[in-house]
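Dear colleague,

I am handing over the structure below, and my notes on what was found in it follow directly after. Please read them alongside the model.

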Amino acid sequence: MMELKIQLIPTGEIILSPGKNGENHCHNCKVVASDGVRAMMESALTARDRVGVQDFVLLENYTSEAAFIENLRKRFKENLIYTYIGSVLVSVNPYKDLEIYTKNHMERYRGVNFYEVSPHIYAVADNSYRSMRTEGKDQCILISGESGAGKTEASKKILQYYAVTCPASEQVQTVKDRLLQSNPVLEAFGNAKTLRNDNSSRFGKYMDIQFDFKGAPVGGHIINYLLEKSRVVHQNHGERNFHIFYQLIEGGEEDLLRHLGLERNPQQYQYLIKGNCPKVSSINDRSDWKVVRKALTVIGFSENEVEELLNIIASVLHLGNVQYGGEDSNACITSDIQIKYLARPRVTLVLSVFACLHLSLTFLSLCVFHHQLMSPLNLEQASSARDALAKAVYGRTFTWLVNKINASLTYTSDSSKNYSVIGLLDIYGFEVFQHNSFEQFCINYCNEKLQQLFIELTLKSEQDEYEAEGITWEPVQYFNNKIICDLVEEKFKGIISILDEECLRPGDASDLTFLEKLEDTVGGHAHFVTHKLADAKTRKVMGRDEFRLLHYAGEVNYNVNGFLDKNNDLLFRNLKEVMCMSENKILTQCFNREELSDKKRPDTAATQFKASLAKLMEILMSKEPSYVRCIKPNDSKQSGRFDEVLIRHQVKYLGLMENLRVRRAGFAYRRRYEVFLQRYKSLCPGTWPNWDGKLSDGVSTLVKHLGYKPEEYKMGRSKIFIRFPKTLFATEDALETRKHSLATKLQAGWKGYSQKCKYQKLRNSAIAVQAWWRGILARRRAQRRRQAANTIRRFIKGFIYRHKERCPENEYFLDYVRYSFLMNLCKNLPKNVLDKSWPTPPAALTEASEHLRKMCMQNMVWSYCKKISPEWKHQMEQKMIASEIFKDKKDNYPQSVPKLFVSTRLDGENINPKVVQHVLIFLRFCPQYAVPVTKYDRRGYKPRPRQLLLTANSAVIAEEGKLKQRIDYGALKGISVSSLSDGVFVLHVPSEDNKQKGDVVLQSDHVIETLTKIAICADKINTININQGSIKFTMGQGKEGIIDFTPGSELLVAKAKNGHLSVTAPRLNSR
Ligand SMILES: Nc1ncnc2c1ncn2[C@@H]1O[C@H](COP(=O)(O)OP(=O)(O)O)[C@@H](O)[C@H]1O
Ligand SMILES: [Mg+2]
């Protein structure tokens, strides 16, 4: 475990981990800007949001406004519009659509610890919701900031968040829809384009959202504050009347407009042209009209009610066009058409008596000593009477509208009080204009009150927390604006009291007398100045009819003109009476007769406002507050522009620096023990992975291990308080480092586990496949074994029964024997005709086998014969003859068998042409065969080379060109040859033939061939004698010669001593 030491260096903090030799290595160094804002803060509480600090409490230089604004700027540039001061959310209007309000974002913030995600309006909404659910305490979210800072948007975002994320049933869905749809309606009637904001709320709004025990939104209630009615009759340059007028004129259907007597041109209406700004680029009146119409239906307005509501809106426009003329002191109406229209039954205001209205707008009815008198009005009075009527009608209709919405949002369960509440306060922010009047006075007074509440609650809650945790509270210096609140609202002495007094006082009370009275009464107050009381410098920037209040948020000059009138908010009685006569149901609800009979003067506007604020404070005090402080980045509604002067002003009057100071007065950071331990327990072996003992002991162990010095932290009852942000940052850094090693471990563990699972799965699968396959194989083997056993059994049985008649027992065996014989036969058929082999057939097939054998032989012979060529046939015939003659009779026959017989041994070139010629001429036959031979003389047995030629009819012996002897075949008596291997043979001729000189003894090297040819040519096959031992032959004249044949080593032919021719023939192995 790494031990941490913290060393503060001027630019920031660096975490040092002790090296091997005790030296320190800088690791994970952070760059910190000199003004104390971290240029790069990797150690923000959440790793998500790394620009600047996401909680100002963690700002090192927390007293520096520059550092504060720099942090805002940095985050704003990166579109991070939200930053915390503890639990207060600071929001800077981006003036552009950031994609941070999607359903995914809502899901991300749902049920998550406030500090674990980056700052967001949803985090505030979710935190309040969870506190309400878990602690059962009503909540309120106070949204403040100047006009155009994004309050209304923020409240809408919160409402949407609840609508999406809270559980809902079908019935709840209607309530959700109505809650959401109440916004466009209220905005249409209560919002207007001002110089500051194209959609500025001109009324204050507090909305309760009611949740049942399941946490589902089941109802709601809206309280509205001080609608800026003066806008109905007058708008400053560049501003507009309330949206609804333009929406009706631009979006209303033709029929509707005709029915209401309106033209589709806002320029036609006096009440719409004062600001000279009928169109605004960011507003689409026509589509807004559709949204409003739909919203009215969703909220539950009937068609009649909508018609009557629109009648009223149209009437206000008509009223504005009522013109006066005549004498200055006695005004009369010059535009009767408008009045007629206004008085038409069941149309617009539906005043039943045209004259009444006419009269009421030009005369004042006075009640003097119980007598009703009519006093004519001058032009100015008549105009203001008209305007007062318009304002009253519009203002009261607005209140009716809010009540109507409230009725539709009412929670109608039996256990009606059994719900929790989250309140949303979206009220006009602090306003300073060039000319500030009664409205600004009220608005700024309201903001003073809220600031007061804020101070009380934040300071108080901070103090309460210290007390609850048993930690000593050190008082914080801050500006308490109670003094200003008192200046405005104190009984008898406050500005409102003085104003009321002036309004009620008989005599010539005027705005200026009111100013004088103020000077007299509160002139000495530190926060009050008038032209008369001011120093020379201030006088230059103040009018004589102005008084200045030094608000907590800045100085504002109020012009007293109109204060009395606006405060009186009077409507002439006769006008009220006329209103009471209206047939319009909404108007009859707005103006009732009881008001006429009530003699008591109604409360002035300021007093009513003061009372409603007091009530609001009460409501807010009873709830647990959360704050959203909205800041406007520039006056030109531009995205990305950060006007530092404007922002510094807002930071100041929103009291953000004070807020921060209070939060940081003692300890910058505090967390409940379990949260702290849960987050950082991994940094200490003692607390990791789990701490079993008391939470506070665990935290003690942890911080000791981390090396916190005693002055850096304090242990409360349930929370640890850390004094400096840097201590926390160091811990965060350590956690960041630790996270990596933990993550690696987790990863390794997980990877190991997942790989093991994977392997196990693979293994199991392989085993399953193996088992399956082995099963198949085993089954196959068993099957084969069974089959084999059956076969063997059948064989044995068949074998036993083999000699019996064919029966089931032996048929298989017999068939098999046959089959195997035939199969064997097919493989072992004789290859050629000489091959006499033939498998032995089983008894049953003996006959068939014999047939087959014959057929096979025939087939072989047939196919052999087919293949024989004529030459070969001739050769074979000769060989056959040779075989017949010599086979087993002559020793050298076997040698001759493989040697082919040639057609002739001598061709034309080797035979003398003369011989050929002779043969052809005398014998008329061409020699068929010629062979060189050796002739032995009959006497001395001298060998003489000769050629033997065979023709068709005779054998011829030639020597060179001479034809030596011719033996006609007819004369050939026989041929003798020995049985030995020699080539000597004798041609026997008849001795009596004189032409012949006796038998011829010849020797041929190709004796078998030669003799076969002679035998064929002479057709003397049967006349060849093969002799053993010796051959006798005739030599002519009756003399006889003998040739003796003896076997020997080599051929030797010679005359023996006995006078015989001795032939030694080599013995041949073959015999
Ligand atoms: N969170 C936001 N995101 C985008 N635009 C915003 C946001 N908040 C405010 N705006 C813009 O600023 C305008 C004024 O905001 P609005 O809530 O009406 O101000 P306020 O109620 O404080 O007078 C809006 O019409 C809208 O255009
Ligand atoms: Mg607003």
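Which residues coordinate the magnesium ion (ligand 2)? The ion is coordinated by Thr152 through OG1 and Ser201 through OG, at 1.9 to 2.1 Å, where donors are N, O and S atoms within 2.8 Å of the metal (3.2 Å for Na, K and Ca), and water is not among the atoms, so sites may look incomplete. This pair links distant parts of the chain, 49 residues apart, with Thr152 in helix H4 (residues 151-165) and Ser201 in strand S8 (residues 200-201); helices (H or I, at least four residues) and strands (E, at least two) are DSSP runs numbered from the N terminus. Both Thr152 and Ser201 are buried, meaning under 20% relative accessible area (1.4 Å probe, protein chains only).

This is a predicted model, in which local features need pLDDT of at least 70 and side-chain atom pairs count only at pLDDT 80 or more, while totals for chains, interfaces and linings use all residues. Residues are numbered from 1 along each chain as its sequence is written, chains are lettered from A and ligands numbered from 1 in the order in which they are written, and side-chain values use heavy atoms, with hydrogens and water left out.

Around ligand 1 there are 15 residues, the closest being Asn93, Gly148, Lys151, Thr152 and Glu153 (a heavy atom within 4 Å counts as near). Oxygen atoms of ligand 1 lie 2.7 Å from a polar side-chain atom of Asn93, 2.6 Å from a polar backbone atom of Gly148 and 2.8 Å from a polar backbone atom of Lys151. Taken alone, ligand 1 exposes 550 Å², of which the protein buries 85%, with areas from the Shrake-Rupley method and a 1.4 Å probe.

Best regards

How values were computed. Buried means under 20% relative accessible area, exposed over 50%, partly exposed in between (1.4 Å probe, protein chains only). A polar contact is a pair of N or O atoms within 3.5 Å; within protein, one must be able to donate a hydrogen and the other to accept it, and residues adjacent in sequence count only if both atoms are side-chain atoms.
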